[in-house]
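Please work through each task before reading its solution.

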Amino acid sequence: MSKLKRKKVKSKRIFILGLLFSVVFIAIVSRLGYVMIVDGSDYKQLALNQWTKTIKMAPKRGTILSKNGSELALSTDVYKVDVDLNVLKIYLTNKKIPQKQVVAQLSEKLNIETSEVQKKLNSKDSKGNLLQFVFLKRKVGKAAVDDIKALKYNGIIISNDVDRVYSNDNFLSQVIGHSNSEGNGISGVEQSYNNELAGVPGVKVAQVDRNNNELPYTEATTVKPVDGKNLTLTIDERIQELAETVAKQTLAENGAKSVSITIMDPQNGEILAMANAPGYNPNKPYEIGKTDGETQEIWKNRAVSNMFEPGSIFKVITAAAALKNNLVTEQDRFVSDGSIRVGNTTLYNDNKEDYGVETFSDIIRNSDNVAFVKLGQKIGKENLYKFIKDAGFGQKTGIDLPGESTGLIKDFKSIGPVDFATMAYGQGIAVTQTQYISAFNAIANGGTWIRPHVMKDISHMVSGKKIVDKQYGNLDKRNIISNENAAQLRTYLESVVKEGTAVDTYIKGYHIAGKTGTANVVNNTTGGYESGKYIASFAGMAPASNPKVTLIVTVEEPNSEKYYAAQTAVPAARKLFSGLFTILNIPPDTK
């Protein structure tokens, strides 16, 4: 081969080689560009995951306080323990430490079953691969955390956590409610004001070594948590203690299924006390041996959730409707011989009492069913139905507590003559305590319906000083009866306490107005009445001329041998008024 020919071959090879290198170089550059531009964020995240550790920082949940300033629910600083399984496994292998030893130590110090610790340390994903991070235990005390730190195991991650503590165990339990393991409220005001109480979690991102330990001389990126706001309730701690004591006594004395008591300031809609017996301990909301259904029933605030036939306490509403429509005066007379025929049905007084000729005041004092049927007919279906709706029945009050029921009123068109007649004296209609006392308050305060509520204000602390962010203002005030009519009705209700069915409520020197009611328990399945089961109620206010306080007592299914309100709810009300006059500094009338 000539020299010229060899030179051409060599040049061709160099060209091909250069071309090949160029193609390879372009391919590499293209791939690098693709990786940097298209997959860059993914690879960056993978790198970050390897040399950084992200820790969620729990905010401190706001404190719940009584009107008196006592802490009812507060959060304390505790810790959360997690494990980086990859780091821990490598450490144990390198140090020749058996996993059995680690399991036993963690089980002892965290008070967890060894089988549970073993299961968590071997946690795998759906593909059978070992998980990297597993949660071991929340709400761990400082002493236990110090013991775990002393073990000096790489891969054990300890971070700040918050524990919710209810200072007085069962006290006000169904109103306060409780929060779950994630720190979210699931009942009571813990639920209804969860957004205000919860706060905003923070985040800490730190650089770590291959053993998942924070590197020295590096600065962690921290977004501090925002603590929750504080919630002050309208609940007066002294009045709540009185209500709970009386509720427990009444429950035991009457062998009842439950007792609920609500006490309010009728002038502003503030709930001063709301007691339910039996209660529960929000520090230990799950009782051993209770089914989920039984547990939910114990948590329920019966004053808000439970519907019941009001019986004769509803006669106050019928009487108010008559006065509102100017359809009755003290000059009117009602003749009652113990029974009345409505359509094909005969309706009776409770014990078929023959009261003869009565005034309007008499039929309230005697709690005369027959006379109230006649009063209802005098008012008329349309007028009575409209007043009942205006007074808030058959609809939620909008109270700031979860689980409120609407009560039950039949549709206007489906109310027949008998339904209408029994409705006038409190049968065939279902109410809640909250609904009833809201309407009853309008009689006490001169005619204004005001939304009941337990929130007084939302606040936070700055340098030890309380800063109020919001006060309760959703009162939805509306006038449902005139001041004159309300005052007249209060005088009639005072006669019920002085010489009527609630005479045992009477306390010398004080003017108490009220009404009793006893009704059968309705079977929710059949719609009929349960034989031998009753609901006894009393609603009252004092002082009668200008009430400062109202209350309602409901005794569910007392002993069938002593079930009348006069025997069950009235004695409870007397104890309540006796205590309230002292607490609220209401002096006796010297006249």
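Of the 591 residues of the protein, 48% are buried, where buried means under 20% relative accessible area, exposed over 50% and partly exposed in between, with a 1.4 Å probe and protein chains only. The model is predicted, so local features need pLDDT of at least 70 and side-chain atom pairs count only at pLDDT 80 or more, while totals for chains, interfaces and linings use all residues. Residues are numbered from 1 along each chain as its sequence is written, and side-chain values use heavy atoms, with hydrogens and water left out.

**Exercise 1.** Determine where threonine 234 is found and whether threonine 234 is buried or exposed.

*Solution.* Step 1: threonine 234 belongs to the loop between β8 (230–233) and α10 (237–254); helices (H or I, at least four residues) and strands (E, at least two) are DSSP runs, numbered from the N terminus. Step 2: its relative accessible area is 0%, so threonine 234 is buried.

**Exercise 2.** Identify which backbone oxygens the side chain of threonine 234 reaches.

*Solution.* Step 1: a polar atom of this side chain lies 2.6 Å from the backbone oxygen of isoleucine 271. Step 2: the backbone oxygen of histidine 453 is reached at 3.4 Å. Step 3: leaving aside neighbours within four places in sequence, the residues in contact (heavy atoms within 4.5 Å) with threonine 234 include Lys67, Glu270 and Met455.

**Exercise 3.** Describe the setting of aspartate 84.

*Solution.* Step 1: strand β3 (residues 71–84) contains aspartate 84. Step 2: aspartate 84 has a relative accessible area of 1% and is therefore buried. Step 3: a polar atom of the aspartate 84 side chain lies 3.2 Å from the backbone nitrogen of asparagine 86.

Technical notes. Polar contact = N/O pair within 3.5 Å; in protein donor to acceptor, adjacent residues only side chain to side chain.
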